[in-house]
Amino acid sequence: MAKRQVPSTIKDEALVSKRRNQMIKGAVTLFMEKGFHKTTTREIAKASGFSIGTLYEYIRKKEDVLFLVCDSIYQRVKERMEESINPNQTSANSLVHAIRSYFQLMDEMQDEVLVMYQEVKSLSRDAQDYVLQKERDMVAMLEQVIVNSLPGQLTEEEVKLMANNIFVQGQMWGFRRWILQRTFTIDTYTDTQIHLLLKGLDREVESTLQ
């Protein structure tokens, strides 16, 4: 799917990126506190550190800010996953490394991920389709690292289910933080999830990682 563009009257791409990152940061805080619908563009501009007039040089409408939040999340996940995945590595350690990197990012982006899932329904249909395709792309990356790391050990259906389980477990750290973070740190949470995942596989796989 082609990248969905948010029009801007500013042609300096570096400045556009800088201002939009400010918007994303300010908007996430507001959306957490008030929700998307109760937050005004004027409040977003103030939280971003510039005027309402400046805001509209970088977006057309409030929905654009929510879209930028969602798009930014998936771009960061994609970049982190690409950094952590070595397509030439065919051991279970590659999968473990990918999971650790993904969970760590979900810890860093707890608020953003929570806002996205609470508010994605407020996006237009085409924007929702774009965001959901990004999610499918992320799951597909996990599927590939599972196949590479555990060649021949799982059926296609098992690979798909495992990839979705890992994806949701990472996000769950933020969704269920009110209870999980009473018991776990992100490191102990990650270690436990990896242990449970590998426990369901061939025990020889887990033993190679001790």
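Student: Which residues line the second largest pocket?

Tutor: A word on the source before the answer: this is a predicted model. The lining of the second largest pocket consists of Gln5, Val6, Ser8, Ile10, Lys11, Glu13, Val16, Ser17 and Arg20. The volume of this pocket is about 200 Å³.

Student: How do the residues of that lining divide by class?

Tutor: The lining of the second largest pocket has three nonpolar, three polar and three charged residues.

Student: Let us step back to the whole chain. How many helices and how many strands are there?

Tutor: The protein chain has eleven helices and zero strands. Along the sequence the pattern reads α-α-α-α-α-α-α-α-α-α-α. Taken along the principal axes, the C-alpha atoms fill a box of roughly 60 × 40 × 30 Å.

Student: What share of the residues is buried?

Tutor: Of the 210 residues in the protein chain, 46% are buried. Contacts can also be sorted by separation in sequence. Among those between residues at least 6 apart, 72% join residues at least 24 apart.

Student: How do I read the packing of two helices, say H1 and H4?

Tutor: Start with the axes, then turn to the residues in contact. The axes of H1 and H4 lie 9 Å apart, and the helices pack at an angle of about 100°. Angles of 65 to 115 degrees count as roughly perpendicular, and H1 and H4 are therefore roughly perpendicular to each other.

Student: Which residues make that contact?

Tutor: H1 contributes Arg20, Met23, Ile24, Ala27, Val28 and Phe31, while H4 contributes Val65, Leu66, Leu68, Val69 and Ser72. By class, the contact of H1 with H4 has nine nonpolar residues, one polar and one charged.

Student: At what angle do the axes of H5 and H6 cross?

Tutor: They cross at roughly 80° and come within 5 Å. That makes H5 roughly perpendicular to H6. On the H5 side the contact is made by Met106, Asp107 and Glu108, and on the H6 side by Gln110, Glu112 and Val113. These residues divide into two nonpolar, one polar and three charged.

Student: Why is helix H6 described as largely enclosed by the rest of the structure?

Tutor: The reasoning goes through burial, residue by residue. H6 spans residues 110-119, and seven of its ten residues are buried, so the helix is largely enclosed by the rest of the structure. The buried ones are Gln110, Glu112, Val113, Leu114, Val115, Met116 and Glu119.

Student: Which helices do the buried residues of H6 pack against?

Tutor: Their partners are helix H1 (13-34), helix H4 (62-84), helix H5 (92-108), helix H8 (156-175) and helix H9 (177-180).

Student: How many cavities of 30 Å³ or more are there?

Tutor: The count is one cavity of 30 Å³ or more. The largest cavity has a volume of about 30 Å³. Its lining residues are Met106, Gln110, Val113, Leu114, Gly170, Gln171, Gly174 and Phe175. H6 and H8 are the elements that give two or more residues to this lining. H8 gives the most, with four residues. By class, the lining of the largest cavity has four nonpolar, four polar and no charged residues.

Student: Is Leu30 buried or exposed?

Tutor: Leu30, in helix H1, is buried, with a relative accessible area of 11%. Not counting residues up to four places away in sequence, Leu30 touches Gly35, Thr39, Glu43, Ile44 and Ala47.

Student: How far apart are the C-alpha atoms of Leu30 and Asp187?

Tutor: They are separated by 29 Å, and the two residues are 157 residues apart along the chain.

How values were computed: Residues are numbered from 1 along each chain as its sequence is written. This is a predicted model: local features need pLDDT of at least 70, side-chain atom pairs count only at pLDDT 80 or more; totals for chains, interfaces and linings use all residues. Side-chain values use heavy atoms; hydrogens and water are left out. Buried means under 20% relative accessible area, exposed over 50%, partly exposed in between (1.4 Å probe, protein chains only). Contact means heavy atoms within 4.5 Å. Axes are lines fitted to C-alpha atoms, for helices over the stretch in contact, and angles run from 0 to 180 degrees between N-to-C directions. Angles under 35 degrees count as roughly parallel, over 145 as roughly antiparallel, 65 to 115 as roughly perpendicular and the rest as oblique. Ala, Val, Leu, Ile, Met, Phe, Trp, Tyr, Cys and Pro count as nonpolar, Asp, Glu, Lys and Arg as charged, and the others, Gly among them, as polar. On a 1 Å grid over the protein atoms alone, a cavity is a set of points where a 1.4 Å probe fits but cannot get out, and a pocket is an open set with protein on both sides within 12 Å along at least five of seven lines; lining residues have an atom within 4 Å of a point. Grid points are joined across faces, edges and corners, and a volume is the space filled by probe spheres set on the points.
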